[in-house]
Amino acid sequence: MAGVVEQRSIDVVPDSERHGTAFSQFTLWLSANLQITAVVTGALAVVFGANAFWSVLGLLLGNLLGGAVMALHSAQGPRLGLPQMISSRAQFGVRGAVVPLALVIVMYIGFFASGTVLAGQAVGHLTHLGDATGIIVFGAITAFAAAVGYRLIHALGRVAGLVCAVAFVYLGVRLLERADLAALLHDRAFDFPVFLLAVSLSASWQLAFGPYVADYSRYLPRQTSARATFWWTLSGSVLGSQWSMTFGALAAAAAPTAFVGHEVSYIVGLGGAGLMASVLYFVIALGKLTINVLNTYGSFMSMVTSISGFRGQRTLSPRGRSLYFAGIMVVGTSVALLGKDSFLTSFKDFLLFLLTFFTPWSAINLVDYYLISKERYDIPALSDPAGRYGAWNGKALLVYGVGLVAQLPFLATHFYTGPLVAPLGGADVSWLVGLAVPAALYWAVARHDTARIPAADTGASPTARAASRP
């Protein structure tokens, strides 16, 4: 078991421990997206006004746009050998990175909770113990798998990807036996605001992976092609999410009353009763297990990164690691139990509101890594508040704040709607503003800050790698 349980946390992965190929990103992200919450996300496009035809196209456009941003983050993993959010210290400072990190942790807890609601229903039906018990059992299994770490996560992805793909083919056939596809796609009346809502739903889905996607590519060998990592990540994530979301959009259009609010029971009902129903409940739980493990593991990485910025700690004892995962499980499961009766509306607003916090971070991180630093970071300095990147980078934090504020006039959620939403016909374009404004501003204020850029990538130096370890 010692060879299976991951020993590293936020410290750089040395070349001697690198393994795998870029194709592993395809299987992981395919499985992470072939699951019930992605189905619900696709259904939301129809629930909130779009017809099936434009819902599917809008979801595809959003998946491609958001997926490209997410895959650019993934390509950082093999190069740096670090979890995603620790690279934020190069932009925000060793301690300043805690600002976006705190919001990332909230995101992970939210996704853990929302996914556990749906998976808990499946586990509850499968075990006949009820939804609440199912949620608790599922939360415990998730925390255990995440605590084992990287190898188990990828192994789970390979198995879940195959099982869920077969199940979704079967469910798609069953859905089309009940519904006339031509009739579902016949209405092609175009409504720009609801089309853009569909784009925003899927784009936010993909962008929300950005803060942890490199966590799952950082063990790849350093010489792994960045292009291969990008394309395998993008193809797996877009294929899986679009497959699931298209199914959800068509199901919501075909049977809005039966599907909306009863997603798990409707999907199982498509397959039939008896043994097949049990198999589908298992598939739903397995699909959710993959993504919830990612959320739990990402939350762990973000918490350790946040705390270590102030304590200087880079490794954890097995006991400390277990306590982190136990705490995440307790908080996430509690949120799931409290919010399980008002899931659908809350989840839609949660997804859209997340964009206001994570698109500026993505823009700043990608501009810095690819355009300013040219993929060169001083790895040891990422752990030294007195080093090259400092404790706090006021310029980057100011740009991040401006990026947040710039989105507010264009933001449309249940609890806040900006003044420029109505003139745009109700369309939410805040995520586009959240990418463009901070990207341009950060480029303007940081491109001449040459003191932050090492002459060479210290991560490629064996001496530097050794120095970066405790």
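This is a predicted model: local features need pLDDT of at least 70, side-chain atom pairs count only at pLDDT 80 or more; totals for chains, interfaces and linings use all residues.
In helix 7, the residues A132, I135, I136, G139, A140, A143, A146, A147 and V148 meet R321, F325, M329, T333, A336 and L337 of helix 15. By class, this contact of helix 7 with helix 15 is made up of 12 nonpolar, 2 polar and 1 charged residues.

**How helix 7 and helix 15 are arranged**

- Helix 7 covers residues 131-148 and helix 15 covers residues 318-339, and their axes come within 9 Å of each other while crossing at roughly 155 degrees.
- Because angles over 145 degrees count as roughly antiparallel, helix 7 and helix 15 are described as roughly antiparallel to each other.
- The crossing that helix 7 and helix 15 make is right-handed.

**G287 and K288 in helix 14**

- K288 is found in helix 14, which spans residues 275-311, and G287 lies in helix 14 as well.
- With a relative accessible area of 2%, K288 is buried, since the cut-off for that word is under 20%.
- The side chain of K288 makes a polar contact with the side chain of Q35, at 3.0 Å.
- When its neighbours within four places in sequence are left aside, K288 is in contact with Q35, I36, T37, G115, A119 and F138.
- G287 is likewise buried, and its relative accessible area is 1%.
- Not counting residues up to four places away in sequence, G287 touches S31, L34, Q35 and C164, and Q35 is also one of the residues in contact with K288.
- Between G287 and R89 there are 198 residues of separation in sequence, and the distance in space from C-alpha to C-alpha is 33 Å.

- K374 is not a glycine, yet its phi is positive, at about 55 degrees.
- E375 is not a glycine either, and its phi is also positive, at about 70 degrees.
- K374 is found in the loop between helix 16 (343-372) and helix 17 (394-407), and E375 is found in the loop between helix 16 and helix 17 too.
- K374 counts as partly exposed, with 47% relative accessibility, and E375 also counts as partly exposed, with 27%.

How values were computed
Residues are numbered from 1 along each chain as its sequence is written. Side-chain values use heavy atoms; hydrogens and water are left out. Helices (H or I, at least four residues) and strands (E, at least two) are DSSP runs, numbered from the N terminus. Buried means under 20% relative accessible area, exposed over 50%, partly exposed in between (1.4 Å probe, protein chains only). A polar contact is a pair of N or O atoms within 3.5 Å; within protein, one must be able to donate a hydrogen and the other to accept it, and residues adjacent in sequence count only if both atoms are side-chain atoms. Contact means heavy atoms within 4.5 Å. Axes are lines fitted to C-alpha atoms, for helices over the stretch in contact, and angles run from 0 to 180 degrees between N-to-C directions. Angles under 35 degrees count as roughly parallel, over 145 as roughly antiparallel, 65 to 115 as roughly perpendicular and the rest as oblique. A crossing is left-handed if the near helix is turned anticlockwise from the far one by less than a right angle, and right-handed if clockwise. Ala, Val, Leu, Ile, Met, Phe, Trp, Tyr, Cys and Pro count as nonpolar, Asp, Glu, Lys and Arg as charged, and the others, Gly among them, as polar.
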